[in-house]
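User: Hi! I have a structure open on my screen and would like to talk it through with you, one question at a time.

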Amino acid sequence: MTNKVCVIGAGSTRYGKLDENIIEIALAASKDAIDSAGIAPKDIQAGYISNVFGVSDKQVHMAPVIMSNLGLPYVPGLTIESACGSGSIMFREAYANIAAGFYDCVLALGVEKITHTGTIQSTTLFSYCSDFFYEGGNGASFPGLFASIARSYIATYKANEEDLAHVAVKNHENGILNPKAHVRKEITVDDVLKSPVVASPLKLYDCCPFSDGASAVILCNEAFAKKSNRSYVEVIGSGRGASPAAVQGREDITTIPSTINAAKQAYKMAGITPKDVNFAEVHDCFTIAEIIDIEDLGFFQKGTAAHAVREGATRRNGEIPINPSGGLKSKGHPIGATGIGQVVEVFEQFTGKAGERTIKDAEIALTQNFGATGASAAVHIFKKVE
Amino acid sequence: MSSQVNHQQQIVSLREKFIMSANKGKILANRCSNCGHIMLGTIYYCEKCHDSQLEPVELEGTGKIVTYTIQAVAPEGFSDIGGSYAWIVFKIDNTVLKVSGILLGVKSPADLPLGSKVKVDGFDTKYGLRVQKLS
């Protein structure tokens with residue numbers, strides 16, 4: 001790989017319950033990203049699209065439909081699905097194609113529309129992302145799968161449900177400052193503990209919402225980025241990992257091997273260690289996931305993250321701010337878009353667009369996003385370029 | 001055409017074999033002939049050394065629960081028993097192998113301490129691998 005890869009523009013719809021059709025949502029975020037980059041649509045040489053449940057809004061073969069409706073019918077598009085990790089895994093493919101020199105500039109867009117299906121059908125659709133023969137087919141929902149991981153973590157490391165609640169409180173505290181977040185509501189530890197049980201030991205406020213939304217970024221090589229005469233962000237590390245698809249296949253249920261392996265690759269490529277990261281956007285589909293992520297990423301020793309979160313180490317002014325956007329928990333989780341939404345947050349943080357959630361003096365950021373219970377994952381590391 | 005011989009080979013998939021074992025109260029596993037690794041019988045190549053020479057082994061379907069959940073909202077097909085079953089992961093006795101299944105009739109975590117003993121009770125066409133708690 002010879003070409004440096006940069007992000008020169010980013011855009012996003014609001015996350016939440018949206019009335020528009022999935023294609024309209026996708027187009028709105030794409031236009032935002034193109035405008036943000038200050039490029040002309042003709043500069044885009046390929047479109048990378050991530051989506052999971054398009055079929056529920058009567059649309060598959062998403063990429064060519066989106067490119068055609070953008071007015072780019074002869075620009076090739078590719079749709080990528082990797083459950084909740086679709087966005088970051090698609091980003092990796094877009095990154096690799098720029099790095100390899102196939103393209104100078106591409107659109108990377110994630111989109112999801114799910115809320116119209118209702119809670120039971122959404123729960124069912126998500127269960128198809130599991131190893132269905134062993135998990136969804138035995139009645140496991142995704143809250144249930146993560147609840148089983150939480151029960152194992154709590155038993156192994158003497159953590160408790162209050163520790164998990166601190167993750168939710170912190171992410172809501174950040175999400176209030178994000179105008180595009182799905183759930184902009186301050187909550188307390190008591191609110192979390194008293195919320196209805198969804199899948200024991202997880203309660204409603206331990207769980208991210210089902211969200212609609214789209215996020216897009218413009219990726220290009222360094223020469224293209226320099227010509228733009230705008231602030232931009234350089235991708236300095238990229239890693240991919242895999243884990244046994246079913247929870248039962250993991251030697252240790254309290255860790256996600258795909259994150260560990262993807263992070264190792266990304267740190268090595270970037271030539272940094274976890275201590276050099278100024279903030280991270282991580283995959284907090286459930287509060288327990290954030291606890292495990294920040295250990296697997298090397299920010300905290302195994303078994304210590306729950307205590308660190310309780311002590312405030314992951315707040316915006318803490319030693320390693322985690323999810324300043326509000327994370328999946330508060331910003332929302334339109335699953336095809338989530339991984340790109342994390343990159344949008346990094347771009348906004350590094351280009352002076354994050355407002356009150358800005359992490360002061362940050363120059364290096366990390367994103368981590370996984371599919372299902374961590375069967376697939378990608379980690380990326382970014383550097384601010386003045 | 002009654003004299004025509006059907007030369008089509010009857011193929012039984014690994015999953016069908018797993019289900020047949022479960023209906024006898026067993027867990028179908030494979031032992032790698034190269035490295036000795038034991039894995040579930042539905043996996044095609046050795047997870048450790050990737051060898052293709054695997055020897056089927058039927059394990060006793062008994063074990064201890066390593067984790068589980070009880071869900072308030074169940075996926076479609078499970079709504080009629082929502083809130084009254086546990087989705088469990090249990091470790092099969094005398095192995096490091098874990099497998100997941102459904103345990104009906106459980107309403108509260110107080111009823112199901114980690115480490116509880118269970119046994120395979122068959123494979124249900126509606127609910128998958130069914131497990132029963134041993135007293």
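This is a predicted model: local features need pLDDT of at least 70, side-chain atom pairs count only at pLDDT 80 or more; totals for chains, interfaces and linings use all residues.

User: Let's start with chain A. How many helices and strands does the secondary structure of chain A come to?
Analyst: Happy to begin there! Chain A has 386 residues, and buried ones make up 62% of them. Its C-alpha atoms fill a box of roughly 55 × 45 × 35 Å along the principal axes. As for secondary structure, the tally for chain A is 13 helices and eleven strands.

User: How does the radius of gyration of chain A compare with what the globule rule gives for 386 residues?
Analyst: The globule rule gives 21 Å for a chain of 386 residues, and the radius of gyration of chain A is close to that, so chain A is as compact as a globular protein of that length. Among contacts in chain A with a separation of 6 or more, 78% join residues 24 or more positions apart. The radius of gyration itself is 19 Å.

User: Are H6(A) and H10(A) roughly parallel or roughly perpendicular to each other?
Analyst: Helix H6 of chain A covers residues 161-175 and helix H10 covers residues 287-296, and their axes come within 8 Å. In this contact, Leu164(A), Val167(A) and Ala168(A) of H6(A) meet Thr287(A), Ile288(A), Glu290(A) and Ile291(A) of H10(A). The axes cross at roughly 90 degrees, and angles of 65 to 115 degrees get one label. H6(A) and H10(A) are therefore roughly perpendicular.

User: Now for the two chains together. Which element gives the most to the side of chain A that touches chain B?
Analyst: In total, 30 residues of chain A are in contact with 27 residues of chain B. The elements giving two or more residues to chain A's side are helix H4 (119-127), H5 and strand E5 (197-199) of chain A. By class, that side has 14 nonpolar, 14 polar and two charged residues. With seven residues, the element that gives the most is H5(A).

User: In what order do the five strands of chain B close into a barrel?
Analyst: One of the pairings is between E4 (residues 62-70) and E7 (residues 117-124) of chain B, antiparallel over three bridges; there, Gly63(B) has Val118(B) as its bridge partner. Over the whole barrel, the pairing is mixed, and neighbouring strands are turned by 50 degrees against each other on average, direction ignored. Helix H5 (residues 142-157) of chain A packs on this sheet, touching E4 and E5 (85-92) of chain B. The order of the strands is E4-E5-E6-E8-E7.

Methods
Residues are numbered from 1 along each chain as its sequence is written. Chains are lettered from A and ligands numbered from 1 in the order in which they are written. Two strands pair if DSSP finds at least two bridges between them. Helices (H or I, at least four residues) and strands (E, at least two) are DSSP runs, numbered from the N terminus. Axes are lines fitted to C-alpha atoms, for helices over the stretch in contact, and angles run from 0 to 180 degrees between N-to-C directions. Two residues are in contact if their C-beta atoms, placed from the backbone, lie within 7 Å. The radius of gyration is taken over C-alpha atoms; the globule rule is 2.2 Å times the number of residues to the power 0.38. A residue is buried if 20 or more other C-beta atoms lie within 10 Å of its own, exposed if 12 or fewer, and partly exposed in between; C-beta atoms are placed from the backbone. Ala, Val, Leu, Ile, Met, Phe, Trp, Tyr, Cys and Pro count as nonpolar, Asp, Glu, Lys and Arg as charged, and the others, Gly among them, as polar. Angles under 35 degrees count as roughly parallel, over 145 as roughly antiparallel, 65 to 115 as roughly perpendicular and the rest as oblique.
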